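Subject: Structure for you to look at

Dear colleague,

Here is the structure I said I would pass on. My notes on what was found in it follow below.

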Protein chains: 2
Amino acid sequence: MRNKQVILRDTVSGFPKESDMLVTTGSTELKLPEGSSSGAVLVKNLYLSCDPYMRGRMTKRHPGDSYVNSFNPGSPLTGYGVAKVLESGDPKFKQGDFVWGITGWEEYSVITATEALFKIHNTDVPLSYYTGILGMPGITAYAGFYEVCSPKKGETVYVSAASGAVGQLVGQFAKLLGCYVVGSAGSKEKVDLLKNKFGFDEAFNYKEEPNLVAALKRYFPEGIDIYFENVGGKMLDAVLLNMRIHGRIAVCGMISQYNLEQPEGVHNLTSVISKQLRMEGFVAPSYYHLYGKFLEMVVPAINEGKITYVEDVVEGLESAPAALVGLFAGRNVGKQVVVVSRE
Amino acid sequence: MRNKQVILRDTVSGFPKESDMLVTTGSTELKLPEGSSSGAVLVKNLYLSCDPYMRGRMTKRHPGDSYVNSFNPGSPLTGYGVAKVLESGDPKFKQGDFVWGITGWEEYSVITATEALFKIHNTDVPLSYYTGILGMPGITAYAGFYEVCSPKKGETVYVSAASGAVGQLVGQFAKLLGCYVVGSAGSKEKVDLLKNKFGFDEAFNYKEEPNLVAALKRYFPEGIDIYFENVGGKMLDAVLLNMRIHGRIAVCGMISQYNLEQPEGVHNLTSVISKQLRMEGFVAPSYYHLYGKFLEMVVPAINEGKITYVEDVVEGLESAPAALVGLFAGRNVGKQVVVVSRE
């Protein structure tokens, strides 16, 4: 059986390019390999997720350098996706089940690490949502905001990369709690989304602000209680000068830094002392135990229209390299999804 | 009555020099000013504390820039000290009481902000200790280690500026809890103190390490669980690469940065995400509610010889400017104290 795949040619330094990946057609036997009947599942991939953290996996790293390993050059990329089970050697899954979790960038995958797969029970929402609002980015936003930020009603919240998969949810969670929320993004279209669709109190295009410190002062004259950090670098430096006493910074990502050979220096860390700030990094898998609780909150909120969600969908594995690379140029508007197959 | 004083001539940029201060003799009436009988106290100063945070108060700042105001050029410096009450308009204090808290760099002070004064009850320890182990630096070490670091027995702990007033205590608290503790300092004499007097497991002279990342790797092959941050800059960058998953960084000070016009950039903050680190800044006054509990632990520990304490004592207000400036060159060995008068 033919199996179209997106292969990483070699490890990457600097900005990734489409040509760092190759779309080829290999072949896969449509059954579980011999001996793997005790655990693996064979799936048909439906939707793939483009996530900023994947940039790190393109870099040549040493084991232990990070919580995720590098991709293997010459092999398909892997990442979060939604898939349909064709054959299961794991009693937790049966043929016909929909699952989300780590799969391959290809039409069909044999997944041996089934502990990283979640069975999908709610199918009254678009299945692609399990790459975003109901998947890893959703639990990232949920845990990052409610668990890491220790938010209180009435506090001031700033979200960078606010129209992305995680940012758009954080802003809405903060509004639901009764916070004042400002987001930044990199285009007029995204800023309009933040204000008119996601209900942020204010939003601005960081590319049009010559002085980020002054921009933040304008939106937060009394300072920032909570910063949900998605970008790093100069933005973090400007935020540090605008934080309030006892502020919290949930460090989710630093997308502005991932393609630099040498990350930018952050100069204003003495504010961490003088303002008694807490900066805390986190990753979604540490909060997967909250997934059930999270779904109980967010699925009704989606169905009642209390939470809105915007995807940027491209069709076909051929489009996947450009979609992934586009994340780092900010080309996506909303959560970047690749459709491999709709059923 | 004559009153010798240490005056700040003008705000300072760069490294402070002795000549930024002037020792003069003014005069003070030895009684409380008219109308202040409802709260002020007149004290005779005995011991003054030289603390790194005082550098920030020498800089010209705007209100709200920090949790402490700048010094007033032309007036005496203020800071922590131990004093004897000569006359009291505050019912909490009476003539003859010993107190510690914020006072002036002078022989006699009228203190109106008596809410920042603590009455000294235990006088079976040297009174100068209330500028250090039993005062602000002591509660800094106690709260920073036990409250901010969330330490557990068996964890690995790294302390920079480890022979200073705070560092020497943090290391000993960590040893008492059963941690593996390494400290760094800037001279062989200090390194010897750490290993032979304070009981650190290991210690090194950071000035002799061409590669701080490699030095830390040598002492922490499995990584650092807790970093007690006193210095900032390049050291923090090296530490970030050596932290373990879920490590904690208590940010107490960044003395290497206080005299720079532009603070150094810290480049390795993406480790905060990948290692899920918590970095938390704190200041002692936020933990003064723990002072009683702290004394109950530390006074017996001192008397039983379980905790050792080293001071670097200079005599006379004339020596105060050099002592304060010396902090930033690392000239002090142990807690820097200025004796104004011994009784």
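I begin inside chain A. Strand β11 (residues 224-229) of chain A is mostly covered, with six of its six residues buried. Please keep in mind throughout that this is a predicted model.

β11(A) has a partner in strand β8 (residues 156-159) of chain A; the two pair in the parallel sense over three bridges. In that pairing V157(A) stands opposite I226(A) of β11(A). β11(A) is also joined to β12(A), again running parallel, by five bridges. Here I224(A) is the residue opposite M243(A) in β12(A).

Helix α2 (residues 136-148) of chain A is largely enclosed by the rest of the structure, because eleven of its 13 residues are buried. Among the buried residues of α2(A) are M136(A), P137(A), I139(A), Y142(A), F145(A) and V148(A).

One loop residue of chain A may be worth a look. T114(A) sits in the loop between β6 (108-111) and β7 (117-119) of chain A. T114(A) counts as buried because its relative accessibility is 7%, and the cut-off for buried is under 20%. Leaving aside residues up to four places away in sequence, T114(A) touches G39(A), A40(A), V41(A), D90(A), K92(A) and F93(A).

Now the interface. The contact is made by 30 residues from chain A and 30 residues from chain B. About 2,400 Å² is buried between chain A and chain B, and carbon and sulfur atoms give 65% of that area. On the chain A side, H267(A), I273(A) and Q276(A) lose the most area to chain B, together 24% of what that side buries. β12 (243-251), α7 (270-274) and β13 (278-281) of chain A each supply at least two residues of the side that touches chain B. By type, the residues of that side of chain A divide into 15 nonpolar, twelve polar and three charged.

What polar links cross the interface of chain A and chain B? The count between the two chains is ten residue pairs in polar contact, both residues at pLDDT 80 or more. Salt bridges across the interface of chain A and chain B number zero by the rule used.

Strand pairing also crosses between the chains. β13(A) and strand β13 (residues 278-281) of chain B run antiparallel and are joined by three bridges. E280(A) stands opposite R278(B) in β13(B).

In chain B, two buried residues have side-chain polar contacts to report. N45(B) is in strand β3 (residues 41-49) of chain B, and counts as buried at 0% relative accessibility. The side chain of N45(B) makes a polar contact of 2.7 Å with that of T103(B). Residues touched by N45(B), not counting those up to four places away in sequence, include V82(B), A83(B), T103(B), E107(B), Y108(B), V340(B) and S341(B).

W100(B) lies in strand β5 (residues 98-104) of chain B, and with 0% relative accessibility W100(B) too counts as buried. The side chains of W100(B) and Y291(B) are joined by a polar contact of 2.9 Å. W100(B) and L48(B) are 52 residues apart in sequence, while their C-alpha atoms are 9.6 Å apart in space.

Last, the salt bridges. Over all chains the structure holds 34 of them. E107(B) pairs with R2(B), with 3.1 Å between the closest N and O atoms. This pair links distant parts of the chain: E107(B) is in the loop between β5 and β6 (108-111) of chain B and R2(B) is in strand β1 (residues 2-8) of chain B, 105 residues apart. E107(B) counts as buried at 15% relative accessibility, whereas R2(B) is partly exposed at 48%.

K17(B) forms a salt bridge with D20(B), the closest N and O atoms being 3.4 Å apart. K17(B) is partly exposed, with a relative accessible area of 46%, and D20(B) is buried, with 12%. In chain A, K152(A) forms a salt bridge with E155(A), where the closest N and O atoms are 3.6 Å apart; E155(A) is buried at 9%. K94(A), D97(A) and K119(A) are linked in a network of salt bridges.

Regards

Definitions and conventions. Residues numbered from 1 in each chain as written. Chains lettered and ligands numbered in written order. Predicted model: local features only at pLDDT ≥ 70, side-chain atom pairs only at ≥ 80, totals over all residues. Heavy atoms only, no water. Contact = heavy atoms within 4.5 Å. Buried area = accessible area lost by both parts, 1.4 Å probe. Salt bridge = Lys/Arg side-chain N within 4 Å of Asp/Glu carboxyl O. Polar contact = N/O pair within 3.5 Å; in protein donor to acceptor, adjacent residues only side chain to side chain. Helix = DSSP H or I, 4+ residues; strand = E, 2+ residues; numbered from the N terminus. Nonpolar A, V, L, I, M, F, W, Y, C, P; charged D, E, K, R; others polar. Pairing = 2+ DSSP bridges. Buried < 20%, exposed > 50% of the residue type's maximum accessible area, 1.4 Å probe, protein only.
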